[in-house]
Amino acid sequence: MKKEYCGLFGIHDHPEAARMTYFGLYALQHRGQESAGIVTWDGSRIREQKGMGLVGDIFSEKHLGHQLKGTIASGHLRYSTTGASLLRNAQPFLVRFKDISIAISHNGNLVNTTEIRQELEQQGSIFQTTMDSEIIVHLLSRNMNGNSLEDALKKALQKVKGAYTLLIMANDKLIAVRDPNGFRPMSIGRLGDSYVFASETCAFDLLEAEYLRCVQPGEMVVVENGRLESTQFAEVSEPSPCVFELIYFARPDSIVFDDEVYHARKEMGRALAREAPVEADYVMPFPDSGVYAAVGYARESGIPFEMAMIRNHYVGRTFIQPSQDMRDFGVRVKLNPARSMIRDKKILIVEDSIVRGTTIRTRVKKLRELGAKEIHMRVSCPPIKHPCYYGIDFSSKGELIAANQSVEDIAEFIGLDSLHYLSVDGLLASLNSNRSFCLACFNGTYPVPPSPNCDKLCLEW
């Protein structure tokens, strides 16, 4: 679909702003591996460095120590869910309006991009990228005359619909915005006298910054001259943060939506053990995403926990690779079984999700070849049956195995003796929270209805 499930980091009033942002992005690398960028403000002009690939490959001491000067910085990691994987679509996105230099970083998907872009083009706007983030820039500029930046931004956001967490650097201001549904996370922290923002709190831990709180749905937070001010720019009826952050995407040592990810995943595993017990010699995950749910399942069931699949830690997540060929390559090199643990064993695999099924099928086939006696699987989320229009890269029913096959058929396709998905009730009980979540990928109920033109490459030239 559109835009991206990305990582954002920003810091205000720090002498090593670029370096702190580098480390913040490094901690958030799991959120995007296609491109990264850092911009800084040195009091008179904006500086930038962007590139394709991993954070450690893009930025050097030359950039951090010399070129990216300034005390305010903003960074972005991208994995594309709108627009192709190209350098022109890397963020932060830079523009200049009169005497204001603006850098915008965006996590999420707008669901009415096509309609707004067509309207703006008819009125003379010229676009440089195929990202939905650029829509916000054009709407912002049209509301700047006679308004403050904050008021212009509020007016611009009244036009857009969907998921957007924004980090905006405008000269000496740093602004964080979260959409009224609160689909995507953003946290506020403090490092000495500096305010910091990050998609996940694991970035704060690396810098030894203090976690203060989440940016709330519909909230705009502005940091200027060392002061933090908050305003509510939109009414919030019922927040709907993305539950998939807690199931899969966030790092387990993060706090997301004020939930401890590690604890939530263990509780999902416990719920699975109660819903679907099975006789097995041991419980194992496919590292790393299924580890904590597997720990929970093992503790609740009393079945031993084993790491019978060994991960090559120098290979990125297969799920966030942009093409199927790259995902298939990742499957072959990412995990290798401990062979002595497999033959004649009844194995229970705990996985956090099944999207397409092809990756898991390949791994199960390998276990069968090595002589596994039985292979059972328990999944710590419900079946993913519907596309996500808010920032996760499964955007059509055709690529979702649970949308087209029954649980029994999926088990047969993968090569399992049994398969059980965690129920929606079990998932929500695991979160120990009274808040509502977006469950659209499970039940098809979209908090913000998408337009019929939603497609990842709908804006490509």
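**Salt bridges, a hairpin, a cavity and aromatic pairs**

Arg311 and Asp288 join their side chains in a salt bridge, with 2.2 Å from N to O. Arg311 belongs to strand β17 (residues 309-311), whereas Asp288 sits in the loop between β16 (282-285) and α10, so this pair ties together parts that are 23 residues apart in sequence. The two partners can also be described by their accessibility. Arg311, at 18% relative accessibility, counts as buried, because the limit for that class is under 20%. Asp288, at 33%, counts as partly exposed. The model described here is a predicted one, and the values that follow are computed from it.

Side chains of opposite charge can pair when their charged atoms come close. By the rule applied here, the count comes to 17 salt bridges. A second example involves helix α10 itself. Arg274 and Glu300 form a salt bridge with an N to O distance of 3.6 Å. Arg274 is part of helix α9 (residues 261-275) and Glu300 is part of helix α10 (residues 291-301), so their contact ties together parts that are 26 residues apart in sequence. Glu300 has a relative accessible area of 33% and is partly exposed. This pair also belongs to a network of salt bridges that links Glu267, Arg270, Arg274 and Glu300.

A further salt bridge connects Lys50 with Glu48, where the closest N and O atoms are 3.7 Å apart. Lys50 is partly exposed at 24% relative accessibility, and Glu48 is likewise classed as partly exposed, at 40%.

Strand β5 (residues 93-97) and strand β6 (residues 100-107) run antiparallel and are joined by five bridges. Across this pairing, Val95 stands opposite Ile102 in β6. The two strands form a hairpin with two residues between them, and in this hairpin Lys98 takes a positive phi near 55°. In a regular strand the side chains alternate between the two faces of the sheet.

Attention now turns to the space within the protein. Rolling a probe the size of a water molecule over the atoms shows where empty space is left. The structure holds one cavity of 30 Å³ or more, and about 80 Å³ of space lies in the largest cavity. Twelve residues line the largest cavity, and those nearest its centre are Cys242, Cys388, Tyr390, Cys438 and Cys441. By class, the lining comprises eleven nonpolar residues, no polar residues and one charged residue.

Nine aromatic pairs are present in the structure. One of them is formed by Tyr22 and Tyr26, a tilted pair with 6.0 Å from centre to centre and 45° between the planes.

Definitions and conventions
Residues are numbered from 1 along each chain as its sequence is written. This is a predicted model: local features need pLDDT of at least 70, side-chain atom pairs count only at pLDDT 80 or more; totals for chains, interfaces and linings use all residues. Side-chain values use heavy atoms; hydrogens and water are left out. A salt bridge is a side-chain nitrogen of Lys or Arg within 4 Å of a carboxyl oxygen of Asp or Glu. Buried means under 20% relative accessible area, exposed over 50%, partly exposed in between (1.4 Å probe, protein chains only). Helices (H or I, at least four residues) and strands (E, at least two) are DSSP runs, numbered from the N terminus. Two strands pair if DSSP finds at least two bridges between them. On a 1 Å grid over the protein atoms alone, a cavity is a set of points where a 1.4 Å probe fits but cannot get out, and a pocket is an open set with protein on both sides within 12 Å along at least five of seven lines; lining residues have an atom within 4 Å of a point. Grid points are joined across faces, edges and corners, and a volume is the space filled by probe spheres set on the points. Ala, Val, Leu, Ile, Met, Phe, Trp, Tyr, Cys and Pro count as nonpolar, Asp, Glu, Lys and Arg as charged, and the others, Gly among them, as polar. Rings of Phe, Tyr and Trp (its six-membered ring) pair if their centres lie within 6.5 Å; planes under 30 degrees apart count as stacked, over 60 as edge-to-face and the rest as tilted.
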